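Take a look at the model below.

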Amino acid sequence: MSLLLKSSALKKQINTQLLNKYIENNVNRNIDLYNLNFIILNKVLCENQNFNTDGYFSYLQPNNLTEKIQHEFKRRLWLGGTIETFQPEKLLNKNQKINNVILKEVLDNVKLLKKDCMVTYTRTICDGDNSEEEKIYLKEKRQLFYTNELFHERIGNTLDFISFNYNHLSDNIVFSDEEIIQFSRKTLNPHYIHLDKYYNKKIEGYPEKLVVQGPYMLIESIKYLQHITRMKYFSKITYKIKQNLFSNEPVFIKLSTNKKELKLGNNNLGTVLTLNYI
């Protein structure tokens with residue numbers, strides 16, 4: 001059931017010196033829209049924010065997005081989304097002048113699922129204050145899941161991962177505690193599940209381990225995809241996070257360039273993240 005949204009909910013337009021300084025410094029070198037979206041822009045968004053009891057930003061809590069929900073959810077998870085790029089040749093062309101870059105966040109939907117809730121919103125990186133498609137560089141639709149249920153350990157579809165036909169296989173990838181904490185510091189992500197393993201066990205029902213960030217797994221998967229395909233940008237990426245991944249759990253990537261599909265996981269856990277691209 002979709003809920004009536006608060007009229008003022010989640011309509012953000014970010015235009016800061018930090019963002020434009022990044023563009024100015026990197027446009028003639030090695031700018032990466034994916035890093036810009038998932039890493040750099042978080043440093044802008046965390047300015048002057050309030051936080052929930054899980055340590056994360058309160059402006060994305062459903063009770064702040066719709067009047068139909070009065071309570072705060074205890075846990076949130078990143079479900080997945082889509083990422084589209086537009087005219088990336090502008091960013092690949094060293095002579096292309098990029099002026100004022102703006103990030104816009106707009107709420108799409110708040111959907112009540114019995115006792116749980118799903119929030120969908122869109123992030124747009126565009127040139128100037130013009131939101132016409134020809135001025136857009138990147139558009140991401142993101143889905144977050146909210147619940148009050150404690151974590152219940154489950155194993156993913158191991159057959160789905162084991163039987164997946166691939167033509168490229170990565171080395172093992174291990175996200176250590178230190179690397180997870182450093183990624184949160186780099187992105188200014190205050191969510192406790194990536195910082196405090198004792199909180200995870202006591203409050204959220206996780207094992208006494210850190211949870212790997214969804215963007216961290218996604219960025220590593222995109223890097224591998226870029227490396228194998230020799231492509232910097234993709235017209236559209238669709239990704240889903242199937243289950244949590246914890247620190248120090250070895251995983252690897254299977255890539256089928258024929259199907260244009262990627263899976264991150266291992267033979268014991270099954271699939272943790274799926275990614276399709278065009």
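Start with Phe57, which counts as buried at 5% relative accessibility. Buried means under 20% relative accessible area, exposed means over 50%, and partly exposed lies in between, using a 1.4 Å probe and protein chains only. This is a predicted model, where local features need pLDDT of at least 70 and side-chain atom pairs count only at pLDDT 80 or more, while totals for chains, interfaces and linings use all residues. Residues are numbered from 1 along each chain as its sequence is written, and side-chain values use heavy atoms, with hydrogens and water left out.

Now the rings. A pair of aromatic rings is described by the distance of the centres and the angle of the planes. Rings of Phe, Tyr and Trp (its six-membered ring) pair if their centres lie within 6.5 Å; planes under 30 degrees apart count as stacked, over 60 as edge-to-face and the rest as tilted. The count by this rule is 14 aromatic pairs. Tyr56 and Phe57 make a tilted pair, 4.8 Å centre to centre with 50° between the planes. Tyr56 is buried, at a relative accessible area of 15%. Ring pairs also join Phe51, Tyr56, Phe57 and Tyr59 into a cluster.

Move on to Phe73 and Tyr146. Their ring centres are 6.2 Å apart and their planes stand at 55°, so this pair is tilted. Phe73 lies in the loop between α3 (42-45) and β2 (75-85), and Tyr146 lies in strand β5, so the pair ties together parts that are 73 residues apart in sequence. Helices (H or I, at least four residues) and strands (E, at least two) are DSSP runs, numbered from the N terminus. Phe73 is buried at 1% relative accessibility. Tyr146 is buried at 0%.

Some rings have a charge over them. This means that NZ of Lys or CZ of Arg is within 6 Å of the ring centre and within 35 degrees of the ring normal. Lys254 lies over the face of Phe161, 4.5 Å from the ring centre. The charged end of Lys263 sits over the ring of Phe164, 5.3 Å from its centre.

Strand β5 (residues 136-147) also holds Arg142. Arg142 counts as buried, at 5% relative accessibility. Its side chain makes a polar contact with the side chain of Glu140, at 2.9 Å. A polar contact is a pair of N or O atoms within 3.5 Å; within protein, one must be able to donate a hydrogen and the other to accept it, and residues adjacent in sequence count only if both atoms are side-chain atoms. Leaving aside neighbours within four places in sequence, Arg142 is in contact (heavy atoms within 4.5 Å) with residues including Phe38, Trp78 and Tyr121.

Next, look at helix α6, where Phe183 lies. Phe183 counts as buried, at 5% relative accessibility. Not counting residues up to four places away in sequence, Phe183 touches Ile39, Gln213, Pro215 and Tyr216.

Finally, step back to the whole chain. Which kinds of element does the protein chain have, and how many? There are eight helices and ten strands. Of its 278 residues, 53% count as buried. Among contacts with a separation of 6 or more, 71% are between residues 24 or more positions apart.
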